[in-house]
Amino acid sequence: MEDYALIGDEQTAALVGTDGSVDWLCLPRFDSAACFAKLLGDEENGHWRIAPKGATRCTRRSYEPGTLVLNTEWETEEGAIRVTDLMPQRDHAPDVVRVVEGLRGRVTVRGTLRIRFDYGSIVPWVRNAEGHRVATAGPDSVWLRSEPPVHTWGADYGTHSEFTVGPGERVAFVLTWHPSHEPRPPLTNPFKALRASVEDWQKWLARCTYRGPHREAVLRSLITLKALTYRPTGGVVAAPTTSLPEEPGGVRNWDYRFCWLRDSTLTLGAMLELGYLEEAEAWRDWLLRAVAGDPADLQIMYGLGGERRLPEMEVPWLSGFEASTPVRIGNDAVRQLQLDVYGEVMDSLSLARRSGIADKHGIWALQVALMEWLRERWRQPDEGLWEVRGGRRHFVHSKVMVWVAADRAVRDLEAHPELEGGDLEGWRAMRDEVHREVCERGYDAERNTFTQYYGSRELDASSLLIPRVGFLPPDDPRVRGTVDAVRAELEHGGLLRRYSAEHTTVDGLPGGEGAFLVCSFWLADALHMTGRTREARALFERLVALANDVGLLSEEYDPDTGRHLGNFPQAFSHIGLVNTALALFGGDGAG
């Protein structure tokens, strides 16, 4: 999966391989059914390849500086070409624009388009209309055209083209989706769309205030997070893909095309610190809409618009990435109880209030309702941050985040006594009780470390967040002991696992997984907070170097094989990169 680059229009995204093939695209939204699903199957499940005739892998590729516009260059015996891929900001309908430009010599270019709606299962009816190739099946219709027109023909249930370009000559292809019951949307001028996309991305990125080391990696992470934001609502998807495996050939394959509350505070903090108040407010407002209602119904994740039903099912006709099955759509973890999300929501709303984002009517009333629900139920076991499927436990991180919820509620009332309806003394007492219990039941005095759950000897990388959220100060001996123990027991090739998947039944799943990248960023943060900044910076540089050739990170990494694992690209990993850069260099680099 490290061979892929991302393009998108802030409503959906596509993955483009080093072979010039678009192998994953869901239309019209991130969570829609894929019309290109080769990523999880084979060519017959849909893809769109443009490359020099006979070529297999590009020579080089990179993004246009400060944008999500991808340039892929090919050098052949005939000459050289550049293919520029983008998805312009949509006015009416989503477009994929691919511009082929001759650089040297005269190069013959081949194109193959196989549309397969509904995750690669439906071969559409294809016809010619108004100079377009039109593919239709059920509710979906896509139109393909080129400027200038090139000859296309149908064969093997695909649309093919072949043409030649010389220096300075350009041929643009535009693929447009629309509901099949509606008329064709207005035509997109591909060359104007290219210029506008470059200008829009560069203008947006110019607002970034970070000027520190590894600035290009921070900027690429910001662009990636922006690309994973569903513009109509402000929600940020965890990744644009489903079922990319945590272990090749294994069963740990999940759908990440939804919005997790766990990302909320980290995303908000990064956006606010880097000067993106508008985006931070949009995320806060998405959060408010999503969690509105009975606190008992709070979920760990929601759909792009705040949808609550995300039923999980398997897709048996897809063979999986490198034979990793099952391929899943939807996510049953949505039904889990994870007490930490209450802390994440309270922390996010408190951070927004402290940062000057204007309060909206009902925000504090919502927070009061969440706190009152949590006060009655925080003693329950839950499934925890990692969405385990091996049964509920008293996870230490969940209880720490309960403490965070109470702490932020208390701090908000202390700073804003005009807020009505809160129970300051009751919440202080709750905060103290949770703190005592975690320190008594979640701490192993013999080893001087916090554990994964009450009574266990297992460790968990989420314990590294204890000083970051303020549960204990960084100079507390228990914090340093936890950092050292987690580092020693969960280290894998210089990186960090989130827990020992191979040696525990806590997650209820067979097999293992790679090093979890965001946990490795947490380790860098914890090393820095405990006075080991040189080690923290060395680890951060190692993590930045793991990004692929266009600066993208997956969820996990296998140090033994050098392979990226899990859904790709992963918002949590890029949020980790940004926040660790700010922690290590923010005093010098962000203004």
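Predicted model: local features only at pLDDT ≥ 70, side-chain atom pairs only at ≥ 80, totals over all residues.
Which residues of strand S6 (residues 60–63) sit on the covered face, and which on the uncovered one?

Residues are numbered from 1 along each chain as its sequence is written, and side-chain values use heavy atoms, with hydrogens and water left out.

**View 1**
The covered face of S6 carries Arg 61 and Tyr 63, and the uncovered one carries Arg 60 and Ser 62. Strands here are DSSP E runs of at least two residues, helices are H or I runs of at least four, and both are numbered from the N terminus. S6 is joined to strand S7 (residues 70–75) by 4 bridges, and the two run antiparallel. Two strands count as paired if DSSP finds at least two bridges between them. Look for Arg 60, which has Glu 73 of S7 opposite. The two strands make a hairpin with 6 residues between them, and Gly 66 in the turn has a positive phi of about 75 degrees.

Leu 70 belongs to strand S7. It's buried, with a relative accessible area of 1%. Buried means under 20% relative accessible area, exposed means over 50%, and partly exposed is in between (1.4 Å probe, protein chains only). Leaving out residues up to four places away in sequence, Leu 70 touches Ala 5, Ile 7, Val 16, Ser 62, Tyr 63, Val 83, Thr 84, Asp 85 and Val 550. A contact like this means heavy atoms within 4.5 Å. As for Met 87, it is 17 residues from Leu 70 in sequence and 9.9 Å from it in space, C-alpha to C-alpha.

**View 1. Strand S10 between S5 and S15.**
Of the 8 residues of strand S10 (residues 107–114), 7 are buried, so this strand is largely enclosed by the rest of the structure. S10 pairs with strand S5 (residues 47–52) in the antiparallel sense over 6 bridges, and with strand S15 (residues 158–165) over 7 bridges, also antiparallel. Gly 111 is a handy landmark: it is the bridge partner of Ile 50, and it stands opposite Ser 161 in S15.

**View 2. A sheet of three strands.**
This open sheet has the order S27-S28-S29, with antiparallel pairing. Strand S27 (515–516) and strand S29 (563–565) are at the edges, each with a single partner strand, so one side of each has no neighbour in the sheet. Strand S28 (residues 556–558) is joined to S29 by 3 bridges. In one of the pairings, Tyr 557 has His 564 of S29 as its bridge partner.

**View 3. Asn 253 in its loop.**
Asn 253 lies in the loop between strand S18 (235–236) and strand S19 (259–260). With a relative accessible area of 0%, Asn 253 is buried. The side chain of Asn 253 reaches the backbone oxygen of Thr 325 at 3.4 Å. Among the residues that Asn 253 touches, not counting those up to four places away in sequence, are Ser 243, Pro 245, Glu 246 and Arg 328. That reach is a polar contact: a pair of N or O atoms within 3.5 Å where, within protein, one must be able to donate a hydrogen and the other to accept it, and residues adjacent in sequence count only if both atoms are side-chain atoms.

**View 4. The largest pocket.**
The largest pocket holds about 690 Å³ of space. It is lined by 30 residues, with Thr 265, Leu 266, Asp 347, Arg 408 and Arg 468 nearest its centre. On a 1 Å grid over the protein atoms alone, a pocket is an open set of points with protein on both sides within 12 Å along at least five of seven lines, and lining residues have an atom within 4 Å of a point. Grid points are joined across faces, edges and corners, and a volume is the space filled by probe spheres set on the points. Helix H8 gives the largest share of the lining, 7 residues.

Conventions. 1 Å grid on protein atoms, 1.4 Å probe; cavity = no way out; pocket = protein on both sides within 12 Å on 5 of 7 lines; lining within 4 Å.
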